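Welcome, and thanks for taking a look at this one with us. Here is a short briefing to keep beside the viewer as you browse.

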Amino acid sequence: MGHLSANQIAQTAELILATDDGRLPADPFKLPVVFRSLLEDRLLSYRTVSQNLQAASGQRSGHSGRVKESLPRLRQRLRDGFKFLDALPDFRVSESEKQSALLAYGWSGLKVGNLEPKDRVFELARLALSMTPSVQPPDARYPQDLLAQIELELSILAEAEPGSRIGNRSAATQARDRALKELHRAVTRLRHYYIACSDDIDETPELAKIGMNPTQRTGQRKTKAENGVKPPEKPLPSVGAG
């Protein structure tokens, strides 16, 4: 059958079924129930897993979009927390208390540092929620509205981040590939069935009805003259030839 694309394999299966619908029961090329059921089941399976793959791709894209939107917002909320502590006046929080609060919230080196790694962002966000009740003095604790924003972004990421990974789509792709392979095998088997139904073997014109070109033997190929191509004329003998 040569190399066929996924769409060509599915289209061939559909053409086989559509052609069989028009055959009378006495037609020797009418598919037996067992063969027709095999093709119908495998075509349905392939269509189903293909739809699942499309759905997984769409969900992954949607989750990735939410991660791309939420993660920068969470980074900014964490910077807001650092700025809040850093801006506290001495008459409310002493320098040593401010440094202790910064360390408690995970700001090692008393600086913002690199907020690109997601692991560090998640760690700082979780520390903000867990450490706030115990930070002293109370004036050095993150404000409640800031904590609410951090908690919101964390919940968004907790839901969207796992779905943005390739694993879900990879499993759907493998299922689609397996179903396509099984469908291809069924189509190939039915081609052999059509060949077995006629003395013409693989030259039977019935193959063309299901989108498969029948084999053309060398002796049956048209000559250039039969195709309307004029053969070259023989050269005239040269003057003086004996």
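Helix 4 covers residues 118-131, and its length can be checked against expectation: at 1.5 Å a residue, its 14 residues should span 20 Å.

**Helix 4**
- Its buried residues are R120, V121, F122, L124, A125 and A128.
- An α-helix has 3.6 residues a turn, so residues three or four places apart point the same way.

**Around L88**
- You will find L88 in the loop between helix 2 and helix 3.
- L88 has a relative accessible area of 7%, so it counts as buried, the cut-off being under 20%.
- Beyond its neighbours within four places in sequence, L88 touches V93, K98, D139 and A140.

**Confidence across the model**
- The protein chain has an average pLDDT of 81, and 79% of the residues score at least 70.
- Among the elements, helix 3 (residues 95-104) has the highest mean pLDDT, at 94, while helix 2 (residues 33-86) has the lowest, at 82.
- Residues 223-227 stay under 50 in pLDDT, and the model gives them three contacts beyond four places in sequence.
- Residues 234-242 are also below 50, with zero contacts in the model beyond near neighbours in sequence.
- Where pLDDT is low, the predicted coordinates should not be read in detail.

Terms used. Residues are numbered from 1 along each chain as its sequence is written. This is a predicted model: local features need pLDDT of at least 70, side-chain atom pairs count only at pLDDT 80 or more; totals for chains, interfaces and linings use all residues. Side-chain values use heavy atoms; hydrogens and water are left out. pLDDT is the predictor's confidence in each residue, from 0 to 100. Helices (H or I, at least four residues) and strands (E, at least two) are DSSP runs, numbered from the N terminus. Contact means heavy atoms within 4.5 Å. Buried means under 20% relative accessible area, exposed over 50%, partly exposed in between (1.4 Å probe, protein chains only). The expected span of a helix is 1.5 Å times one less than its number of residues.
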